[in-house]
Amino acid sequence: DAETVLWGGISGALAAWLTTPFDVIKTRVMTATQALTFGEALRSVATTGATGLFAGAGPRSAWWFCVSSVFFGTYERLRSSFQRKLEE
């Protein structure tokens with residue numbers, strides 16, 4: 001059903017957008033050439049402000065919109081199919 005696909009995509013995109021700051025900080029820590037604490041990574045991102053924390057939020061949200069749309073659509077289709085089989 002198109003509504004399930006749409007709302008699945010919207011929920012995935014929103015979740016991706018809201019968690020982007022955590023992903024940015026995690027990526028900074030993982031790609032640092034020397035040991036970097038969470039606080040140091042947060043301070044390095046803070047120099048660019050909120051835009052630095054949300055760097056890449058658009059493409060990340062678009063990706064998760066697609067993934068979540070397929071996932072929720074498939075999940076709901078399978079769930080309703082299995083439910084019908086169990087009720088027979």
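Mentor: One definition before we start: contact means heavy atoms within 4.5 Å. With that in hand, and leaving aside its neighbours within four places in sequence, Ser-69 is in contact with Val-5, Gly-8 and Gly-9. Bear in mind that this is a predicted model, where local features need pLDDT of at least 70 and side-chain atom pairs count only at pLDDT 80 or more, while totals for chains, interfaces and linings use all residues. Residues are numbered from 1 along each chain as its sequence is written, and side-chain values use heavy atoms, with hydrogens and water left out.

Trainee: Okay, staying with Ser-69: what makes it buried or exposed?

Mentor: Its relative accessible area is 9%. Buried means under 20%, exposed means over 50%, and partly exposed is in between (1.4 Å probe, protein chains only). So Ser-69 is buried. This serine lies in helix 4, where helices are DSSP runs of H or I with at least four residues, strands are E runs of at least two, and numbering goes from the N terminus.

Trainee: And which backbone atom lies 2.7 Å from a polar atom of the Ser-69 side chain?

Mentor: The backbone oxygen of Phe-65. A polar contact is a pair of N or O atoms within 3.5 Å; within protein, one must be able to donate a hydrogen and the other to accept it, and residues adjacent in sequence count only if both atoms are side-chain atoms. At 2.7 Å, the Ser-69 pair is inside that limit.

Trainee: What about Ser-61: buried or exposed?

Mentor: Ser-61 comes in at 10% relative accessibility, so it counts as buried. It is also in helix 4. Its side chain reaches the backbone nitrogen of Trp-17 at 3.4 Å. Beyond its neighbours within four places in sequence, Ser-61 is in contact with Ala-13, Ala-16 and Trp-17.

Trainee: Trp-17 again! Why is its ring pair with Phe-54 called what it is called?

Mentor: Rings of Phe, Tyr and Trp (its six-membered ring) pair if their centres lie within 6.5 Å; planes under 30 degrees apart count as stacked, over 60 as edge-to-face and the rest as tilted. A search of the whole structure finds three aromatic pairs. For Trp-17 and Phe-54 the centres are 4.8 Å apart and the planes are at 25 degrees, so that pair is stacked.

Trainee: And what does that pair tie together?

Mentor: Trp-17 is in helix 1 (residues 2-31) and Phe-54 is in the loop between helix 3 (50-53) and helix 4 (57-87), so parts 37 residues apart in sequence are tied together. Trp-17 has a relative accessible area of 39% and is therefore partly exposed. Phe-54, at 28%, counts as partly exposed too. Then there's Phe-71 with Tyr-75, a stacked pair at 6.2 Å centre to centre and 15 degrees between the planes. Those two both lie in helix 4, four residues apart, about one turn of the helix. Ring pairs also link Phe-71, Phe-72 and Tyr-75 into a cluster.

Trainee: How do you know how exposed Tyr-75 is?

Mentor: Its relative accessible area is 43%, so Tyr-75 is partly exposed.
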